[in-house]
Amino acid sequence: MTATDAQLQPRKKGLSRRQKRSLSRGIQYVVFVAVVVAFAVSADWGRLKNQFAQADIADQMFPDVITLALKNTVLYTLSGFVVGLVLGMVIALMRLSSVGPYRWFAGVYIEIFRGLPALLIFIFIGVAVPLAFPGTEIIGGTYGKVALALGLVAAAYMAETIRAGIQAVPKGQLEAARSLGFSPARAMISIIIPQAFRIILPPLTNELVLLFKDSSLVLFLGVTLEERELSKYGRDLASTTANSTPILVAGLCYLLVTIPLGFVVRRMEAKAQEAVK
């Protein structure tokens, strides 16, 4: 067969890879839109509005939902984060220690508190601690109990994050510090840990978002009206009004905090990736 004959042969019909990808993507879009439309058409929006979107009930929640419930939620979250960060730092350093019992204790702590549900930790703080130490009061009352419960849970995750950040710092940094006369402890505090925190700042911020949601477990400690957080506040009003609008409003208040924090996390991760490049 000559070259001319080969050119005259009909080309095989078929889609290119790019065309196949475009077709597949188009089908996915069509299916997604069809599902959304089917959901929108089949839902009883009138009943949903009556149960979750009563403007008069929502108006009754302000300003207390902000000045009381959201404020308490933020206080619980920040106090738990501080306790978790301090304890997590200690556990991380113990995990990296050359002393065997320290490493063993840190490993056991991390495995236990990462494996137990946060709910059980709250129940333990609220029930087991008073039984084990009669007459002993945790400093700060309910706020102290929440900070301790959230901190114990968060520390297990933060410890591993901090440990990974410390190990991610080049070993040459420690060697350079030691050559300048720094002691191991001073080199860790002044050189290694600050660099590690620049690395682990995004995951730590993400942990803050998780703690903000876990603060809803405070209801298992038994709180007064002035100590209620968003979930407890919304549930109480929903029971009083026989309507779920307070729960929706409480959920929106959560989003007012978690969405900006999520945006901050993504921005920090993007900057970290740019720095690596």
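## Basis

The model is predicted, so local features need pLDDT of at least 70 and side-chain atom pairs count only at pLDDT 80 or more, while totals for chains, interfaces and linings use all residues. Residues are numbered from 1 along each chain as its sequence is written, and side-chain values use heavy atoms, with hydrogens and water left out.

Ser 215 sits in the loop between α10 (184-214) and α11 (230-241). Helices here are DSSP runs (H or I, at least four residues), numbered from the N terminus. Ser 215 counts as buried because its relative accessibility is 0%. Buried means under 20% relative accessible area, exposed over 50%, and partly exposed in between (1.4 Å probe, protein chains only). Beyond residues up to four places away in sequence, Ser 215 touches Thr 73, Tyr 76, Thr 77, Leu 150 and Glu 229. Contact means heavy atoms within 4.5 Å.

Thr 73 belongs to helix α5 (residues 64-96). Thr 73 has 0% relative accessibility, so this residue is also buried. Its contacts, leaving aside neighbours within four places in sequence, are Phe 212, Ser 215, Glu 229, Leu 230 and Tyr 254.

## Ala 159 in α8

Ala 159 lies in helix α8 (residues 141-168). Its relative accessibility is 1%, so Ala 159 counts as buried. Residues up to four places away aside, Ala 159 touches Gly 88, Ile 91, Ala 92 and Ile 110. Ala 159 and Leu 96 are 63 residues apart in sequence, yet 10 Å apart in space, C-alpha to C-alpha.

## Nonpolar patch

Trp 104, Phe 105, Val 108, Ile 112, Leu 116, Leu 120, Ile 123, Val 127, Leu 131 and Phe 220 form a nonpolar surface patch of about 950 Å². Patch residues have over 30% relative accessible area and no salt bridge; like charges are joined within 9 Å, nonpolar side chains (Val, Leu, Ile, Met, Phe, Trp, Tyr) within 5 Å. Areas come from the Shrake-Rupley method with a 1.4 Å probe; for residues, only the protein chains shown count as cover. A salt bridge puts a side-chain nitrogen of Lys or Arg within 4 Å of a carboxyl oxygen of Asp or Glu.

Helices α6 (100-115) and α7 (118-132) each supply at least two residues of the nonpolar patch. Trp 104 is in α6. Trp 104 counts as exposed because its relative accessibility is 60%.

## Positive patch

Arg 17, Arg 18, Lys 20, Arg 21 and Arg 25 gather in a surface patch of positive charge. Lys and Arg count as positive, Asp and Glu as negative; His and the chain ends are not counted. Charges are placed at NZ of Lys, CZ of Arg, CG of Asp or CD of Glu. Arg 17 lies in helix α2 (residues 17-42). At 72% relative accessibility, Arg 17 is exposed.
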